[in-house]
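Here is a short briefing on one protein model. Look at the fold before reading on.

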Amino acid sequence: MIQKEHIHKKIIEACKKGDNRARYKLYELYSKAMFNICYRMMNNREEAEDMLQEAFTQAFTKLESFRYESNFGSWLKRIVVNTCINAINKRKVDLTYCEEIYDYDSEPENNDYEPEFTVANITQAIEHLPEGGRMVFSLYLLEGYDHGEIAQILEIKESTSKTQFMRAKRRIVELLKQTHGDAMDKI
């Protein structure tokens, strides 16, 4: 088996030795991508910033346990996701899933239409999803977790993750139809 070369190994090793400049460099390299994950999970800029700081603090504390068995970004992303989920669970907010808001199963889908939407429109639609649906949608589609991993992370059944993803996706289409109804009605 060929060992992968880790692109930031020197920086990571310097961080392990307590080099604060290396820690700042590592933060610079990964903070933007990790902030995006935090923002999608928390749906609030201030909370996302807090989660980012907390996740990096945990990562630097646990850095000795990083053994290069995966790439550093994946390892850090797992810490970020877990930090966000723990914060959400501490708020004791029940995850609200899409079926509580809208029943899509009775409506036929028009799969022939491929609307052109901006990233901003889609991001805004994602922000309007119920928390549970938004988390499943973000973890699956944007973060690349499979439904088995999401089930473990959120402590739900794998089938629930799949169902929530499909409902979230449909809800986003519906939200986009509401905001762009005129354009979609012409099709």
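A residue counts as buried under 20% relative accessible area, as exposed over 50%, and as partly exposed in between. Tyr140, at 31% relative accessibility, therefore counts as partly exposed. The model is predicted. The protein chain has nine helices and zero strands. Of its 187 residues, 40% count as buried.

**Second largest pocket**

- The second largest pocket holds about 190 Å³ of space.
- Helices α2 (20-42), α5 (119-127) and α6 (131-142) are the elements that each give two or more residues to its lining.
- Helix α5 gives the most to this lining, with five residues.
- The lining includes Asn36, Tyr39, Arg40 and Asn43. Val119, Ile122, Thr123, Ile126 and Glu127 also line the second largest pocket. Arg134, Leu141 and Leu142 are lining residues too.
- By class, six lining residues of the second largest pocket are nonpolar, three are polar and three are charged.
- Where does the second largest pocket lie relative to domain 1 and domain 2? Domain 1 (8-94) and domain 2 (119-182) both give residues to the lining, so the pocket lies between them.

**Aromatic contacts**

- Ten aromatic pairs turn up in a search of the whole structure.
- One of them joins Tyr140 and Phe165, with 4.5 Å centre to centre and 55 degrees between the planes.
- One aromatic cluster is formed by Tyr30, Phe66, Tyr68, Phe72 and Trp75.

**Charges over rings**

- Tyr68, a member of that cluster, has the charged end of Lys9 over its ring, 4.9 Å from the ring centre.
- Phe60 has the charged end of Arg23 over its ring, 5.6 Å from the ring centre.

**Positive phi in loops**

- Asn43 has a phi near 60 degrees, a positive value in a residue other than glycine.
- Asn43 is placed in the loop between α2 and α3 (45-62). Asn43 also lines the second largest pocket.
- Is Asn43 buried, exposed or partly exposed? With a relative accessible area of 26%, Asn43 is partly exposed.
- Glu155 has a phi near 55 degrees, again positive in a residue other than glycine.
- The loop between α7 (147-154) and α8 holds Glu155. Its relative accessible area is 73%, so Glu155 is exposed.

- Leu139 lies in helix α6. Its relative accessible area is 0%, so Leu139 is buried.
- Leu139 and Ile153 are 14 residues apart in sequence. In space they are 9.6 Å apart, C-alpha to C-alpha.

How values were computed
Residues are numbered from 1 along each chain as its sequence is written. This is a predicted model: local features need pLDDT of at least 70, side-chain atom pairs count only at pLDDT 80 or more; totals for chains, interfaces and linings use all residues. Side-chain values use heavy atoms; hydrogens and water are left out. On a 1 Å grid over the protein atoms alone, a cavity is a set of points where a 1.4 Å probe fits but cannot get out, and a pocket is an open set with protein on both sides within 12 Å along at least five of seven lines; lining residues have an atom within 4 Å of a point. Grid points are joined across faces, edges and corners, and a volume is the space filled by probe spheres set on the points. Helices (H or I, at least four residues) and strands (E, at least two) are DSSP runs, numbered from the N terminus. Ala, Val, Leu, Ile, Met, Phe, Trp, Tyr, Cys and Pro count as nonpolar, Asp, Glu, Lys and Arg as charged, and the others, Gly among them, as polar. Domain bounds come from an automatic or database domain assignment. Rings of Phe, Tyr and Trp (its six-membered ring) pair if their centres lie within 6.5 Å; planes under 30 degrees apart count as stacked, over 60 as edge-to-face and the rest as tilted. Buried means under 20% relative accessible area, exposed over 50%, partly exposed in between (1.4 Å probe, protein chains only). A charge sits over a ring if NZ of Lys or CZ of Arg is within 6 Å of the ring centre and within 35 degrees of the ring normal.
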